[in-house]
Amino acid sequence: AHAASFTASDVSFCPGGSVQFTDASLGSPSSYVWYFEGGVPSTSTDPNPLVQYPNPGTFDVVLSVVTANGPDELQLSNYVTVFAPPIATAGPDEDICLGQSGQLQAFGGSSYQWSPTTGLSNPGITNPVVTVTETTTYTVLVTDANGCQDEDEVTVVVHELPTVIASADDNTLCPGDTAALSALGALNYQWSPNLFISSNTGAAVSAWPPSEFTWTVYGTDAFGCAHDTTVAIDVLAAPAVPVVTNLGMTVSSTPASSYQWYLEGELIAGATDQEWAPVVNGNYSVAITDANGCQSTSQPVYFGTVGLVDAGASGLRIYPQPADEVITI
């Protein structure tokens with residue numbers, strides 16, 4: 001039997017734990033020499049040393065004593081076990097939009113505790129839902145089955161919603177006209193409803209509503225945060241279709257703010273009065289403009305009283321006949 005003997009407090013623990021060794025040797029030793037593999041201190045001559053173990057592993061302990069019967073040594077292999085600690089992982093930093101929620105996710109242990117608890121659905125689970133109005137850094141304390149712990153941090157970055165502005169180059173149109181719609185303040189845009197516009201995506205689109213109409217544009221920024229606004233266009237009533245009257249030697253339009261006459265659909269330069277005296281037979285029409293700048297075009301009216309054949313039917317006389325150098329009409 002060994003004269004050298006000792007007892008110890010808990011010899012299985014997490015890194016950084018300590019063991020209180022207590023001499024239990026027989027024969028009233030006069031000296032002690034301890035050897036602690038992996039311990040701090042690694043040696044001691046104290047009969048009851050306190051030793052800390054900073055690193056995981058299994059370690060030997062040796063005690064040598066000198067008694068009246070001589071020296072003796074006790075070596076206990078793998079006597080102290082220091083558990084490997086967990087590796088806490090709180091995941092990458094997370095971006096959320098103001099007013100929306102995110103979800104944290106931790107790994108590495110068997111139980112979890114998050115702090116601060118602000119905005120968390122449950123701070124004691126691995127994956128709480130987070131809803132905050134300002135950027136917040138959370139720390140998770142991870143504990144494994146041996147009671148060892150580690151911690152990690154994650155920052156939840158809260159982004160303001162984009163300020164989306166939408167406008168039209170003309171908010172009041174005449175029937176059949178087109179307006180340019182534009183949006184700014186975000187990265188991507190979605191227009192709704194997809195009616196009377198050239199595209200339902202993009203910062204600039206063309207619109208041609210048949211009557212008063214409103215679109216909503218959703219703007220999304222680089223973080224996926226979205227906000228919306230509306231833009232409306234009013235469509236004026238078209239002026240009444242003008243009526244063209246053939247007055248015999250002229251054609252006349254019903255009253256309007258301005259006029260433009262056409263022959264066979266071709267614009268007649270300078271023909272901008274309410275009444276026009278044709279110089280060529282054909283189909284005449286007029287486009288009128290009202291006080292709002294909106295236009296309307298008449299149905300064509302045939303004018304056929306220009307030329308000698310028609311005028312001759314009215315009783316014109318030509319003499320002398322036969323004629324020489326001078327003719328009288």
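Here are a few friendly notes on this predicted model, to read with the structure in view.

1. Start with the aromatic rings. The count of aromatic pairs comes to 11. In one of them, Trp 34 and Phe 36 have ring centres 5.6 Å apart and planes at 15°, so this pair is stacked; planes under 30 degrees apart count that way. Trp 34 is buried, with a relative accessible area of 0%, and Phe 36 is buried too, at 3%.

2. Ring pairs join Trp 34 and Phe 36 with Phe 6, Phe 21 and Tyr 79 in a cluster.

3. How are the rings of Tyr 284 and Phe 303 arranged? Their centres lie 6.3 Å apart and their planes meet at 85°, so the pair is edge-to-face. Tyr 284 sits in strand E27 (residues 282-289) and Phe 303 in strand E29 (residues 301-303), so the contact ties together parts that are 19 residues apart in sequence. Both residues are buried.

4. Three strands make an open, antiparallel sheet in the order E22-E23-E26. Strand E22 (244-246) and strand E26 (275-276) are the edges, each pairing on one side only. Strand E23 (residues 251-253) pairs with E26 over two bridges, and Ser 252 stands opposite Glu 275 of E26.

5. Finally, turn to the surface. Which residues form a nonpolar patch there? Leu 316, Ile 318, Ile 327 and Ile 329 do, and together they have about 420 Å² of accessible area. To locate Leu 316, look in the segment after helix H1 (308-312).

Key:
Residues are numbered from 1 along each chain as its sequence is written. This is a predicted model: local features need pLDDT of at least 70, side-chain atom pairs count only at pLDDT 80 or more; totals for chains, interfaces and linings use all residues. Side-chain values use heavy atoms; hydrogens and water are left out. Patches are made of residues with over 30% relative accessible area and no salt bridge: like charges are joined within 9 Å, nonpolar side chains (Val, Leu, Ile, Met, Phe, Trp, Tyr) within 5 Å. Accessible areas come from the Shrake-Rupley method with a 1.4 Å probe; for residues, only the protein chains shown count as cover. A salt bridge is a side-chain nitrogen of Lys or Arg within 4 Å of a carboxyl oxygen of Asp or Glu. Helices (H or I, at least four residues) and strands (E, at least two) are DSSP runs, numbered from the N terminus. Two strands pair if DSSP finds at least two bridges between them. Rings of Phe, Tyr and Trp (its six-membered ring) pair if their centres lie within 6.5 Å; planes under 30 degrees apart count as stacked, over 60 as edge-to-face and the rest as tilted. Buried means under 20% relative accessible area, exposed over 50%, partly exposed in between (1.4 Å probe, protein chains only).
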